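This briefing is intended to be read alongside the sequence and the coordinates.

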Amino acid sequence: MEEKPKQDAKIDMAEPTFPLDFNESLQNQKTPFFNSSSRRRRNDTWVISIFVIFHLIAFVATMIVNDCWSNSHGDCTVKTLRRMSSQPLSENPLLGPSASTLDKVGALRKTLLVEHQTWHLLSCPWLHSGLIHLIINLIGVIFLGIYLEQEFGPLRTGIIYIFSGFFGTLVTALFVRDSPAVSSSGAQFGLLGATLSALIRNWKLYSNKVAALLILFAVFACNIMLGLLPYVSNYSNIGGLISGFLLGLALLSTPQLRQLAPNKSGFYDKGVKNFFNSKQKLDRPVLRSVSLLIFAFLLLVFLVVALLGFNISQYCQWCRYFDCIPSKRWNCNDMTTSCETMLSDTQSTLTCMGNGNFRIFPFTNISQERTRDLCTLICS
């Protein structure tokens, strides 16, 4: 039998080609800004988790130190929580501790900075004025922080978070009055500013830019409104926003191509990814350098001014209204108050020396810190 000649199999090996206009190919592949399905799945969202845990621990410790049930003799909100219950709403509308407790655990106050208690600059970014403040702040931190950490990695997100919190505290120190203020929202606004910078940097890559801006504005407005209540510093929010925006321009880069491009062969994907990553390192070096220099300059200036004890609030009378709006439901008084204390066998009477108001309490064992808190309420 005659054998048929074997035919040689021919396989065409097409060499991978790269787009001639890389930016044009990216612009044609837009994705929603907050669409998690377009981002790479990563398991390294541990930085934001650690920050959230730190804030929770700090708040629990603050409420334990406050011990409203004992120090306020049961005059508390949510009394069933006993030691963890919060002060009356007239004293703290955010379901939190007293002013003296915030001073004790590390909040900022004008007189404390004058006394050079600079450790408050490090503790203040981790404190919350109440449960409502804690919940709203952590919702924003988790939402913005997880996005940034999944998109740009834990190291850059952690740097932005920590430096924005500290930067916001320094801005708070320039405007703080003689009442306690906490600056934990400054770190959240740092994440907000970094997210805004990422959106602006890569404006042509996203399809729902208006919706993303509306979400960011909603986060901004909600926290600014919260900052109009006692003990929450709105100036830390503004400082954190500026810091986060500058650090976002300096540290964040264009999202990786593999999140946007259709899947090809393994060699093609790897080649394009490597090409893109090498381009990221040289992406807008002038903008990055200028942003970093501006941030470093502002950080140094605000740090020196804060350590020198300079305070803008004494020259700006209307600045207080950006930090706390006076109301009959809460107290924004930052004036030095003095009260006369009269004790009997079963009750105490505090009389404000400024306006003559007085209040009678059915107990006599009042601490000096608690007396100062009550005197501020009576004199307001």
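The accessible surface of the protein amounts to about 19,900 Å², and carbon and sulfur atoms account for 64% of that area. The model is a predicted one. Of its 380 residues, 49% count as buried, and the fold contains 15 helices and 3 strands.

**Fold and annotated segments**

- Among contacts between residues at least 6 apart in sequence, 72% join residues at least 24 apart.
- An unreviewed UniProt entry lists "transmembrane region" for residues 46–65, 126–147, 159–176, 212–232, 238–257 and 286–310.
- In the model, the stretch 159–176 is 94% helix and 0% strand, and its end C-alpha atoms lie 25 Å apart.
- The stretch 212–232 is 71% helix and 0% strand, with 26 Å between its end C-alpha atoms.

**Nonpolar cores**

- The largest nonpolar core has 51 residues, of which Leu108, Leu148, Leu191 and Leu252 touch the most other members.
- Two or more residues of this core come from each of α2 (46–66), α7 (131–152), α8 (154–175), α9 (185–201), α10 (209–226), α11 (234–251) and α13 (285–308).
- The greatest contribution to this core is that of α8, with 8 residues.
- Beyond its neighbours within four places in sequence, Leu252 is in contact with Leu148, Phe152, Arg156, Ile160, Ala194, Ser197, Ala198, Arg201, Leu247 and Arg288.
- Another core, of 9 residues, lies apart from the largest one and includes Cys352, Phe363, Ile366 and Ile378.

**Nonpolar surface patch**

- A nonpolar patch on the surface is formed by Trp46, Ile50, Ile53, Phe54 and Ile57, which together have about 500 Å² of accessible area.
- One of these residues, Ile50, is located in helix α2.

**Salt bridges**

- Arg359 and Asp75 form one of them, with 3.8 Å between the closest N and O atoms.
- This pair links distant parts of the chain: Arg359 is in strand β3 (residues 358–361), whereas Asp75 is in the loop between α3 (68–71) and α4 (99–105), 284 residues apart.
- Both partners count as partly exposed, with relative accessibility of 36% for Arg359 and 35% for Asp75.
- A salt bridge also joins Arg370 to Glu91, where the closest N and O atoms are 2.7 Å apart.
- Because Arg370 lies in helix α15 (residues 368–379) and Glu91 in the loop between α3 and α4, this pair ties together parts that are 279 residues apart in sequence.
- Arg370 and Glu91 are both buried.
- Arg370 meets Asp373 in a further salt bridge, with an N to O distance of 3.8 Å.
- Asp373 and Arg370 are 3 residues apart in helix α15, so about one helical turn separates them.
- Asp373, like Arg370, is buried.
- Through shared partners, the salt bridges join Glu91, Arg370 and Asp373 into one network.

**Backbone details in loops**

- Asp67 is not a glycine, yet its phi is positive, at about 45°.
- The position of Asp67 is in the loop between α2 and α3.
- With 11% relative accessibility, Asp67 falls under the 20% limit and so counts as buried.
- Leu95, also a residue other than glycine, has a positive phi near 60°.
- The loop between α3 and α4 holds Leu95.

Definitions and conventions: Residues numbered from 1 in each chain as written. Predicted model: local features only at pLDDT ≥ 70, side-chain atom pairs only at ≥ 80, totals over all residues. Heavy atoms only, no water. UniProt positions renumbered as here; feature names shortened; annotations may be inferred. Helix = DSSP H or I, 4+ residues; strand = E, 2+ residues; numbered from the N terminus. Core = buried A, V, L, I, M, F, W, Y, C linked by side-chain atoms within 4.5 Å. Buried < 20%, exposed > 50% of the residue type's maximum accessible area, 1.4 Å probe, protein only. Contact = heavy atoms within 4.5 Å. Areas by Shrake-Rupley, 256 points an atom, 1.4 Å probe, with all protein chains shown as cover. Patch = residues over 30% accessible without salt bridge, like charges linked within 9 Å, V, L, I, M, F, W, Y side chains within 5 Å. Salt bridge = Lys/Arg side-chain N within 4 Å of Asp/Glu carboxyl O.
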